[in-house]
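Here are some notes on how the two chains meet and what lies inside. Please read them with the structure open.

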Amino acid sequence: MSGFVTGVGLWTATHPSAAAWIAGEAASSPASPSGEGIPPRARRRATPIARMAADALAEALVPTGRTGADVDLLLASVGGELANTLETLRLLGEDPPASSPLRFGASVHNAALGQLAIPWENRRFASALAARDDRIVATGLLEAVGRVATGAGDAAVVFCDEAWPVQGGPAAAVALVISEAPRGDRPPIARLGPVRRAVASDLGVGTADPALEDCPVRDALRLADALLRGVTGVLPLGDADADGLRWTVSVEPA
Amino acid sequence: MRLPPLSITACALACALGDHEHDVRASLRAGRSGLVRWGADQGLPFSTWFGAIPDHDGGAQRPVPAFLRDHDSRQARIAHAALAPLQDAVDDAKARYGADRIAVVIGTTTGGMGDTETRVEALRAHGGFDDGWSLRRQHNAHATADGIAALLGVAGPVFVQSSACSSSAKVLGTAQRLVAIGVVDAAIVGGIDTACRYTLLGFHGLGILSEHRCRPLSAAREGINLGEAAALMVVERDDTPATPRAWMLGVGETSDAFHATQPRPDGSGLAAAIREGLAIGGMAADEVDLVNAHATGTPLNDAAECAALADVLPHHPPIVGTKGWTGHTLGAAGAVEAVLSVMALEDQWSPGTLTEGPPLAEGAGLDLPREPVAGPFECVVSTSAAFAGHNAAVVLGRG
């Protein structure tokens with residue numbers, strides 16, 4: 001089981017691109033995701049999740065020579081459209097219920113994928129996954145690698161959570177394009193080895209900003225950091241259990 | 001690419017037709033729909049029909065075991081009650097492969113929504129949940145899978161597909177790939193969605209919730225009836241010594257790229273999913289003996305689905321829709337209909353579509369039986385479609 005990482009994209013409020021992340025250039029004031037990867041007419045209705053996913057995916061696709069129409073699309077998110085869902089629940093609790101059909105349709109977990117796939121005219125496989133913080137990256141990678149390794153073509157997986165109204169950390173999105181073979185005119189960034197439960201030690205990669213340690217997809221930021229800095233080894237994903245085992249991914253030279 | 005099939009070695013089904021598979025079978029044989037009228041008595045500002053799990057043995061009322069109290073919700077209780085028929089097969093699989101070689105992949109859209117919505121006022125008033133309610137452990141979609149994994153003591157990958165109404169059809173594709181690439185040897189898969197105002201009011205707001213009994217595949221169709229269900233399966237690699245109830249041959253998964261809440265009218269996205277599922281399963285279109293269609297009873301879905309089925313299956317196998325019996329169970333629908341398809345393969349018998357009115361014009365030339373259908377059935381296709389245009393087609397073979 002393996003695949004090549006051929007593209008990496010990233011969005012946080014302080015580092016709105018992988019380029020900014022690797023340069024260590026934090027924005028002076030927090031930014032909102034631009035959603036520029038979504039055509040303007042569709043962008044107006046795009047949720048924050050869709051906008052930050054679009055920003056990260058657009059950056060990840062550049063070196064691959066692929067467009068948003070010719071990759072599988074996977075969204076892996078701990079809470080999905082949580083803020084929208086809770087607001088929908090609040091509005092539905094009013095007398096009379098006040099939510100709009102548009103808001104309801106946009107509150108489901110896979111809504112962001114539709115907001116990307118429709119304007120991108122992507123008619124391929126798409127899946128919206130959810131898992132616990134310490135499993136979200138491992139399971140998202142397994143689903144993406146599962147598609148690639150069974151001959152489906154390239155997969156773009158975006159790990160993405162918005163800032164939750166309660167009980168959550170800041171927003172972040174990390175997109176990876178995973179390919180069976182090198183793509184585009186640039187060499188692959190790394191090769192992904194097994195995703196499995198194992199003992200792993202800290203590889204010295206981080207999230208650039210201590211506040212991001214509370215982000216539900218913090219392990220995706222660590223993985224992006226390793227990929228962007230050329231760090232290889234067995235990267236821990238999540239916390240160790242009582243036996244010292246945790247989900248890990250092997251990041252290997254391409 | 002053709003993939004090895006999965007052996008379906010155990011099933012569990014709780015839905016409006018009964019809280020155990022044998023009750024479901026008895027209701028279908030007796031021609032008893034599980035839909036009941038809901039309205040003001042359930043706090044709704046409108047009237048509709050709903051497929052509620054009957055809860056004969058009080059499972060949905062029983063608290064989950066103490067070690068799982070952190071996950072407690074009505075959805076967790078229903079999952080807990082529904083899991084019992086899987087226990088022997090899970091224990092066998094754990095002994096055969098090891099707990100870390102078994103995945104849990106569940107389709108759901110609601111998670112603990114029904115419980116969260118009773119606490120939204122506290123969130124507004126206090127900026128938090130004042131009774132310890134946890135978004136991570138109880139509300140979020142993944143909480144359902146986390147609870148099932150803990151209950152069954154499995155330690156492989158645990159996650160949720162939350163792709164609206166095709167969620168629990170897609171989990172079968174995920175499991176097939178996880179086995180094919182050697183990550184696991186078995187998986188507990190399925191779907192669970194439970195009653196909540198969020199979906200009832202949301203679909204009513206979209207104008208697609210029917211105040212009458214739903215009329216799938218009928219010219220008189222005017223919308224859906226919702227329902228709740230837990231449908232779960234144990235699937236294993238194809239060389240398992242366990243006796244298969246049926247084979248999961250392949251799942252096709254595509255996107256419409258058309259509209260957030262409406263299907264592509266020509267059905268081409270769903271047609272592509274059916275073709276892909278057949279290719280993965282190594283089946284030819286003319287080998288399909290029965291279709292359990294998504295058949296929600298909305299004007300747009302049923303028309304698009306008939307276009308897809310007419311295109312891909314020109315030999316016109318019988319097409320039945322079962323949502324008139326169960327209601328549309330949303331994130332659980334794909335798994336409910338997969339289990340009903342397993343039962344059809346075993347029994348060589350399928351219920352017809354429970355509906356009213358003349359057949360829909362778009363189904364002209366198709367075989368749309370309303371009376372029960374007898375086999376032979378060697379291959380059944382179950383279709384699902386969803387918000388965001390996410391289609392799935394599950395191809396199942398006789399065990």
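1. Start with the chain contact. In this predicted model, 55 residues of chain B are in contact with 53 residues of chain A. Several elements of chain B supply at least two residues each to the side that touches chain A. Among them are the helices α5 (120-126), α7 (142-152) and α8 (167-180), and the strands β5 (158-161) and β9 (246-255).

2. Next, the make-up of that side. The residues of chain B that touch chain A divide into 24 nonpolar, 20 polar and 11 charged.

3. Strand β3 (residues 126-130) of chain A runs antiparallel to β5(B), with 2 bridges between them. A:A130 is opposite B:V160 of β5(B).

4. Look at α9(B), another contributor to the side of chain B that touches chain A. Of its 9 residues, 8 are buried. They run from B:Y198, B:T199, B:L200 and B:L201 to B:G202, B:F203, B:H204 and B:G205. What do the buried residues of α9(B) pack against? From chain A, α4 (82-92) and α5 (101-105); from chain B, α4 (113-116) and β7 (226-227). Just after α9(B), B:G207 has a positive phi of about 75 degrees.

5. The largest nonpolar core holds 231 residues. Those touching the most other members are A:A53, A:V158, A:A173, A:V174, B:A187 and B:I188. Take A:V174: leaving out residues up to four places away in sequence, A:V174 touches A:L10, A:A56, A:V158, A:F159, A:V217, A:A220, A:L221 and A:A224. In soluble globular proteins, nonpolar side chains tend to be buried together.

Terms used: Residues numbered from 1 in each chain as written. Chains lettered and ligands numbered in written order. Predicted model: local features only at pLDDT ≥ 70, side-chain atom pairs only at ≥ 80, totals over all residues. Core = buried A, V, L, I, M, F, W, Y, C linked by C-beta atoms within 7 Å. Buried ≥ 20, exposed ≤ 12 C-beta atoms within 10 Å, placed from the backbone. Contact = placed C-beta atoms within 7 Å. Helix = DSSP H or I, 4+ residues; strand = E, 2+ residues; numbered from the N terminus. Nonpolar A, V, L, I, M, F, W, Y, C, P; charged D, E, K, R; others polar. Pairing = 2+ DSSP bridges.
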